[in-house]
Amino acid sequence: MHTLKGFGVSPGVVIGTVKVLHAEEVMVPKTQVRDSEIPNEIARFEDALTKTRAELLGIRRKISQEIGRDHSDIFNAHLLILEDRTLIEDVIGLIKEEKVSTEYAFSIILQRYFHAFSQIDDEYLRERIADIRDIGKRVLQHLMSHERESLVSLHEAVIVVAHDLSPSDTATMDRKNVIGFATDIGGPTSHTAIMARSMEIPAVVGLERVSKEVSNGDRLIIDGTHGIVILKPDESTIEKYLSEGKKFALYILELEKLRNLPAETQDGHTIELAANIEFPDEIPSVISHGAQGIGLYRTEYFYLNRTDLPNEEEQFIAYKQVAEQMKSGSVIVRTLDLGGDKFLPSMDVPKEMNPFLGWRAIRLCLTRVDVFRAQLRAILRASAFGKFKIMYPMISNIDEIRQARQIYRSVEEELDKQGIQYDKKMQVGAMIEIPSAAITSDALAKEVNFFSIGTNDLIQYALAVDRVNEKIAYLYQPTHPAILRLIAQTIKNAHENKIWVGVCGEMSGDPISALLLVGMGVDELSTSPFVLPKIKKAIRSVLYKDIKAMAEKVLREFHTADEIRNFVEKELNRMIPGFTEEYLV
Ligand code: PEP
Ligand code: MG
């Protein structure tokens, strides 16, 4: 038995069997296979060699045509390594003798080659190590893509363990059979964390080495509430966690009783409580957790779980389904927020040094107007079937809003000409998630119908802290005075201009920051459906005048994130006896 500590990003307890998704690197952990699986492992190896060979021939051809024959000859050495009978036989021999997976056997043989070549007293041969490493990576990538594909249809319930899970991994996996996540990297606002909360499964991220320490089929406990992962637990630990899991399930059932009650403080101040979704199939959970609407529909996930771009019609069908299912509440559809860590293979976005600061979201849409128009047409057409609002991500200046509006108007005109119905009074909003937008929110407020503050990115950009890097997670501080001042300024500017302002970042899902935001005057909070009932219960337990005074004091008197968090926690414990025990574990 062995315990690892990370960040608990989605609460609850789960005990299950591990499925490891390996990083694309040369060393992979040992995975045993059954006798009956050996022929399949050998076939997978041969298939990966064939695919790598085809890939190299393609690159050689391209280089020969574009740069010249001399340069393409370097790939001859790669091709020779791929055809090396000794290497192939060594790998197959190891699979058969040790009954291990192809990836493992191949990586072990590669290590032996590296070792042997590094001992050779000949510079030319020593340099061939780089070729072997490159070939190794390519073959492993083909083997891994098989593995990544294997997540698409799982035959049993598994806990997915990985170095990292990309949004496209989570978008394509068989979500019914995934019961927990544990990853080496990531913080509370990484997309793995957000997806886990959407899927209502326990998750712990930022565990540093978990993907190296487990093998397929191992038993694992994930305690997402406390950020703990236990490898190969003994029977008494399993018993203890089974009972923890039951307690948590009962608490969730208890909270469900609040479903139809408003998010209203004891002195009658009401706010709108909405849910964030990535996929239309989350709507039953949105409704069952009592959300009044959808405050953030991350439409880019529709683009991520496929290799081609969805056309207008496909998007229209999906958005219409969302509109119809959410008849009772409004839906804020966010236009494509691709880029950053959300890549789309079909869109050929070039690799960037700083993808989070790069060609993404509204920037990408304003240059790929064809893609943007198709999405706007689909959203507008679907708006005839429900209560839609639309918002643009990553707005950094007024020009972007104006350009987007121009395209939006021309799409409206086109629909008018074609006699297609849509909501002519749809509200259009801007996400405030870049400091420049918060600082100029007085002017931006005159251009839109509402603001939705994306605190996940606002914190990342204002504090210069990569939101998915666990090494600097201690600097990712939602209660940093700079963040609270940017939010306060945005709320004030929105209200002075008579528009409403919500928060759709993860600050809305943490009881401490959620109550602070309500005290600061936000009109709406939107977060994972799963955590909504708890936030509602907390709001219903306090007086607005108290949390307003608390927020004013915070902004006036405190200078560090920890001081603020501690003060708010202390105040909330005074207002809600047992707050820490009930809300913060
Ligand atoms: C945010 O940045 O706070 C947000 C809600 O958007 P996302 O997490 O999708 O970047
Ligand atoms: Mg964002």
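Two rings of Phe, Tyr or Trp count as an aromatic pair if their centres lie within 6.5 Å. I keep that in mind as I open this model, which is predicted.

**Entry one: the rings.** I looked up the aromatic pairs and found that the structure holds 9 of them. I picked one to follow, Tyr-297 with Tyr-319. The ring centres are 5.9 Å apart and the planes stand at 90°, so I noted this pair as edge-to-face. Where do the two partners lie? Tyr-297 belongs to strand 10 and Tyr-319 to helix 13, residues 312–325, so the pair ties together parts 22 residues apart in sequence.

**Entry two: the shell around the ligand.** Strand 10 turned up again here: strand 10 (293–298), helix 8 (191–199) and helix 19 (455–463) each supply at least two residues of the shell around ligand 1. Which element gives the most to this shell? I found that helix 19 does, with 3 residues. I then sorted the shell by class and got 7 charged, 5 polar and 4 nonpolar residues. There are 16 residues around ligand 1, and those that come nearest are Arg-298, Arg-334, Gly-454, Asn-456 and Arg-467.

I went through some polar contacts to oxygen atoms of ligand 1. For Asn-456, a backbone N or O atom lies 2.8 Å from such an oxygen. For Thr-455, a backbone N or O atom is 3.1 Å from one. Asp-457 uses a polar side-chain atom instead, 3.0 Å from a ligand oxygen. How much of the ligand's accessible area does the protein cover? On its own ligand 1 has 290 Å², and the protein covers 100% of that. Last, I checked the cavities: the space taken by ligand 1 is the largest one.

Technical notes. Residues numbered from 1 in each chain as written. Chains lettered and ligands numbered in written order. Predicted model: local features only at pLDDT ≥ 70, side-chain atom pairs only at ≥ 80, totals over all residues. Heavy atoms only, no water. Near = heavy atom within 4 Å. Polar contact = N/O pair within 3.5 Å; in protein donor to acceptor, adjacent residues only side chain to side chain. Areas by Shrake-Rupley, 256 points an atom, 1.4 Å probe, with all protein chains shown as cover. 1 Å grid on protein atoms, 1.4 Å probe; cavity = no way out; pocket = protein on both sides within 12 Å on 5 of 7 lines; lining within 4 Å. Sits in = over half its atoms within 2 Å of the grid points. Helix = DSSP H or I, 4+ residues; strand = E, 2+ residues; numbered from the N terminus. Nonpolar A, V, L, I, M, F, W, Y, C, P; charged D, E, K, R; others polar. Phe/Tyr/Trp six-rings, centres within 6.5 Å; stacked < 30°, edge-to-face > 60°.
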